[in-house]
Amino acid sequence: MAGKTVLTGVQATGMPHLGNYIGAIRPALQKAAHEGKSFLFIADYHALNSVRDAAALTRDTYEVAACWLALGLDPAQTVFYRQSDIPEIFELTVALMAVTPKGLMDRSHAYKAAKDKNEAEGRDVDANVNMGLYTYPILMAADILAMRAHIVPVGHDQTQHIEFARDIAGYLNNTFKPVLVQPEGLIQPQSATVQGLDGRKMSKSYGNHIPLFIDAKARQKLIMKIVTDSKLPADPKDPDTSTIFQLYSYFAPDADVALMREAFLKGGMGYGDAKKLLAAAVEEALAEPSHLYNEYMSDLPKLDAILAEGAEKARAVARATLSDVRQAVGLKPLK
Ligand code: TRP
């Protein structure tokens, strides 16, 4: 991927949980460390389509920013910013609207899902659908195209959005002249499903999650609540279906994981003891990031300064793109 620009957007949905960390954040950080030019931003204007609590949007955005930094995102290497700090993205959105057929938005999976749900529940098909949701893919295209991104690593559910971004860039390029980079999605392999406290997929909406950065005692308490079967300590247990073992395998060193595996298979380790080992491994992994997280959250001006620095770098790129687009369509260029 040498010489290519990589960009990812993350939702401003507040503090991530262990499942988000293992499934998405950790792999993204590992990859970012090996990339040339990369951009990562918090999609706070996208969040505004559904969030109706101003204080929550502010807080969630800070939490997401603090989490990524605490977990090792290096803002000197990855341009890290808030979407809402880049006005050029929104001007580009208007230009893209002019070349995007309405029919494309009608085919959007997210919009269709909202309509289907309304229909199934006997409401008007467009109930609770705002124009932000309807045009979500155009804003997302602007996020990507503004930074001239070549590669966009995303989860499977975002495949259509990336196709739309390519299509929309193509409409503008073909109608006027080729000024926009057509991005490619890098669809992430389905990450292992991380089990939550009740054994189902860990998810905020199920309420079975363990937030990343809460007080160590509270985290330990949640770990002790992981649901198990009623096997006795002496009984052999199946590590591969155990939530405790699964989480342990993500946080503990390999040698320790092998030991727990053996103890499960042979019998002799109780679930209570396994949970204590898990809690210790999680603490070991998260102690330093927790400390950093709390530092960031208690120094919001510092967080703002880091994001402002990222915004400045991102704006320079977005401004150049926007100027090219303005010039291509017959508006006054910016430079
Ligand atoms: N839609 C993405 C999601 O739900 C978030 C996002 C917004 C994004 N803009 C983006 C992702 C641009 C990649 C590139 O996860």
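This is a predicted model: local features need pLDDT of at least 70, side-chain atom pairs count only at pLDDT 80 or more; totals for chains, interfaces and linings use all residues.
Which residues belong to which domain? The domain assignment gives domain 1 as 5-193 + 300-329, while domain 2 covers 204-294. Their C-alpha centres lie 34 Å apart. At the contact, 16 residues of domain 1 touch 14 residues of domain 2.

Now for a couple of helix pairs. Please find helix α4, residues 87-97, and helix α8, residues 136-146. Their axes are 9 Å apart, and the two pack at an angle of about 120°. The crossing of α4 past α8 is right-handed. On the α4 side you'll see I89, F90, L92, T93, L96 and M97; they meet I138, L139, A141, A142, D143, L145 and A146 of α8. Sorted by type, that contact has 11 nonpolar residues, 1 polar and 1 charged.

Our other pair is helix α11, residues 243-251, with helix α13, residues 271-297. Here the axes come within 9 Å and cross at roughly 30°, which means α11 is roughly parallel to α13. This time the crossing is left-handed. From α11, the contact uses I244, L247, Y248 and F251; the α13 residues include Y271, K275, L278 and V282. In this contact there are 11 nonpolar residues, no polar ones and 1 charged.

Terms used. Residues are numbered from 1 along each chain as its sequence is written. Side-chain values use heavy atoms; hydrogens and water are left out. Axes are lines fitted to C-alpha atoms, for helices over the stretch in contact, and angles run from 0 to 180 degrees between N-to-C directions. Helices (H or I, at least four residues) and strands (E, at least two) are DSSP runs, numbered from the N terminus. A crossing is left-handed if the near helix is turned anticlockwise from the far one by less than a right angle, and right-handed if clockwise. Contact means heavy atoms within 4.5 Å. Ala, Val, Leu, Ile, Met, Phe, Trp, Tyr, Cys and Pro count as nonpolar, Asp, Glu, Lys and Arg as charged, and the others, Gly among them, as polar. Domain bounds come from an automatic or database domain assignment. Angles under 35 degrees count as roughly parallel, over 145 as roughly antiparallel, 65 to 115 as roughly perpendicular and the rest as oblique.
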